[in-house]
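Dear colleague,

I am handing over the structure below, together with some notes on what turned up in it. Please read them alongside the coordinates.

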Amino acid sequence: MRKITFFLAFCLALSSCTNEEKSLDIALQGTWNMTEIQGSLSKPTTYEYGKILWVFDLNQKKLTITNTIKGLISTGNGFSNNETGVYFFTIEEENEEKILVVGDRKGKISLLEDTLKINYGLEFDDVLYILKR
């Protein structure tokens, strides 16, 4: 009886991930190029492919940022300033929207083909990141 209970619990755990969650994970996994940052009070800043890379490792829940822009001054704010480093993340769901959480930063994920947008509250004087494959 215990084996059957364990097997049923195992099957339930496997089925708890929806196809939508799995497809987001598959689509998000890998390397993304930061192409634009929009701030509500400033003009959009665009970047060349390969200058700022975000690499998502969904298995280890790590985001590795490589920023090769010369003259970048480290502010100690790390992730918020796209500083080179490794950051741990989670993906949560709020109001049926996927949210990328890195430290105390929460951004709404929008993924369309080869474009990833992460909105940290552009409408509230924060930023919107636009990344492409």
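In the hairpin of E5 and E6, where 2 residues lie between the strands, Asn-95 takes a positive phi near 50°; please keep in mind throughout that this is a predicted model.

Leu-100 leads on to the core. The largest nonpolar core has 23 residues, of which Trp-54, Phe-56, Leu-100 and Tyr-129 touch the most other members. Among the elements that each supply at least two residues of this core are helix H2 (19-28), strand E1 (30-39), strand E5 (85-94) and strand E6 (97-102). Leaving aside neighbours within four places in sequence, Leu-100 is in contact with residues including Trp-54, Phe-56, Phe-89, Ile-109 and Ile-118, and also with Arg-105.

Which strand holds Arg-105, and is its place buried or exposed? Arg-105 belongs to strand E7 (residues 105-112), and because its relative accessible area is 17%, which falls under the 20% cut-off, Arg-105 counts as buried. The side chain of Arg-105 makes a polar contact of 2.9 Å with that of Asp-126, and, not counting residues up to four places away in sequence, Arg-105 also touches Phe-79, Ser-80, Leu-100, Tyr-120 and Val-127.

With best regards

Conventions:
Residues numbered from 1 in each chain as written. Predicted model: local features only at pLDDT ≥ 70, side-chain atom pairs only at ≥ 80, totals over all residues. Heavy atoms only, no water. Core = buried A, V, L, I, M, F, W, Y, C linked by side-chain atoms within 4.5 Å. Buried < 20%, exposed > 50% of the residue type's maximum accessible area, 1.4 Å probe, protein only. Helix = DSSP H or I, 4+ residues; strand = E, 2+ residues; numbered from the N terminus. Contact = heavy atoms within 4.5 Å. Polar contact = N/O pair within 3.5 Å; in protein donor to acceptor, adjacent residues only side chain to side chain. Pairing = 2+ DSSP bridges.
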